Amino acid sequence: SSVLFEGRMDPERARAQHDAMADLYRANGVQVHYIEKMQEHEPNGMFVRDLVAMTPEGAIVARPGTSVRRGEARYAAEALARLGVPILRTIAGSGTFEGADLMWFDRDLAFVGISRRTNPEGNRQVREPRVGADEDPRRADDGGRAFQVRLAGETDRRYPGRQQPRP
C-alpha cells in the first residue's frame, strides 16, 4: 500500500507525540525546524526522512517512489532554502529516490540502495558527480571536504575486501 495508515489518524494525538519528540531533540541540543506548508491531505509528509537526504555539504531533495507522495518534496525544498541549506541536487525525470534509502557508513561514505522507493535512475542521480568532482565519478569535493555515495554492494577502495550486501 502507498499509504502507511491502517485507520484514521488522530491529528491531535500525532501532534502531541511529535511535540514530545521535538522537545526531546531540543533538550539534547538539536535545532528543530518545521516544513510549514505541508498539506493535511498529505499525511505521509510527516516522514521527512524520505523527502531529503542530508550530506555534510547540503541536501539531496528526493522524488518519492509512490504517486501518493509526489509533490511533498517541494515543501521540504522550500524549507531548506528558507534556512539557507545548500541543495546539491533534486532528483528529477523518471528517477525516484527516498532519503531513507541512503545509509551513512561514516562521515565520508554513504551507500544508496535500489528498492520499491528508489529506482536505478534515482540511484544514478544520487551518485552522479557534482561540479568540482575529482577523478572518481562518484566523489564530490567541496571546499576540502569530500563524500562518496556508492551503490550498495560496491567495495570501497579505502576498506579493501569490505563489501555491503546487495538489497
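# Terms and values in a predicted model

User: Met 21 lies in helix α1, which spans residues 11-27. What makes a stretch a helix here?

Analyst: Helices are DSSP runs of H or I with at least four residues, strands are runs of E with at least two, and both are numbered from the N terminus. The model is a predicted one, in which local features need pLDDT of at least 70 and side-chain atom pairs count only at pLDDT 80 or more, while totals for chains, interfaces and linings use all residues. Residues are numbered from 1 along each chain as its sequence is written, and side-chain values use heavy atoms, with hydrogens and water left out. On these terms the protein has three helices and seven strands, in the order α-β-β-α-β-β-β-α-β-β from the N terminus.

User: Why is Met 21 called partly exposed?

Analyst: Met 21 has a relative accessible area of 42%, and it is partly exposed because that value falls between the limits for buried (under 20%) and exposed (over 50%), taken with a 1.4 Å probe and protein chains only. Ile 114, in the loop between β5 and α3 (120-127), is also partly exposed, at 35%. Over the whole protein, 36% of the 167 residues are buried.

User: What makes Met 21, Tyr 25 and Val 30 a nonpolar surface patch?

Analyst: A patch takes residues with over 30% relative accessible area and no salt bridge, joining nonpolar side chains (Val, Leu, Ile, Met, Phe, Trp, Tyr) within 5 Å and like charges within 9 Å. Met 21, at 42%, is over that 30% limit. The patch made by Met 21, Tyr 25 and Val 30 covers about 270 Å², an accessible area of the Shrake-Rupley kind with a 1.4 Å probe, for which only the protein chains shown count as cover of residues. The accessible surface of the whole protein comes to about 10,100 Å², and 52% of that belongs to carbon and sulfur atoms.

User: How do you know that Asp 23 and Arg 26 form a salt bridge?

Analyst: Their closest N and O atoms are 3.1 Å apart, and the rule asks for a side-chain nitrogen of Lys or Arg within 4 Å of a carboxyl oxygen of Asp or Glu, so the pair qualifies. Side chains of opposite charge can pair when their charged atoms come close. Asp 23 and Arg 26 are about one helical turn from each other, because they stand three residues apart in helix α1. Asp 23 is partly exposed at 46%, as is Arg 26 at 39%.

User: What sets out the salt bridge of Asp 50 with Arg 69, and where do the two residues lie?

Analyst: For Asp 50 and Arg 69 the closest N and O atoms are 2.7 Å apart. Asp 50 sits in the loop between α1 and β1 and Arg 69 in the loop between β2 and α2, so this bridge ties together parts 19 residues apart in sequence. The rule gives six salt bridges in total, including Arg 124 with Glu 128 at 2.9 Å, N to O.

User: How does the reach of helix α2 compare with the expected span?

Analyst: Helix α2 (residues 72-83) has 12 residues and reaches 18 Å from its first C-alpha to its last, close to the 16 Å expected, where the expectation is 1.5 Å times one less than the number of residues. Among its buried residues are Glu 72, Tyr 75 and Leu 80, and the buried residues of α2 pack against β1 (52-55), β2 (58-61) and β3 (87-90). Gly 84, which follows α2, has a positive phi near 80°.

User: Why are β4 and β5 said to pair?

Analyst: Strands pair if DSSP finds at least two bridges between them, and four bridges join β4 (residues 102-106) to β5 (residues 109-112), so the antiparallel strands meet the rule. Leu 102 has Val 112 as its bridge partner in β5, and Asp 106 has Leu 109.

Terms used: Contact means heavy atoms within 4.5 Å.
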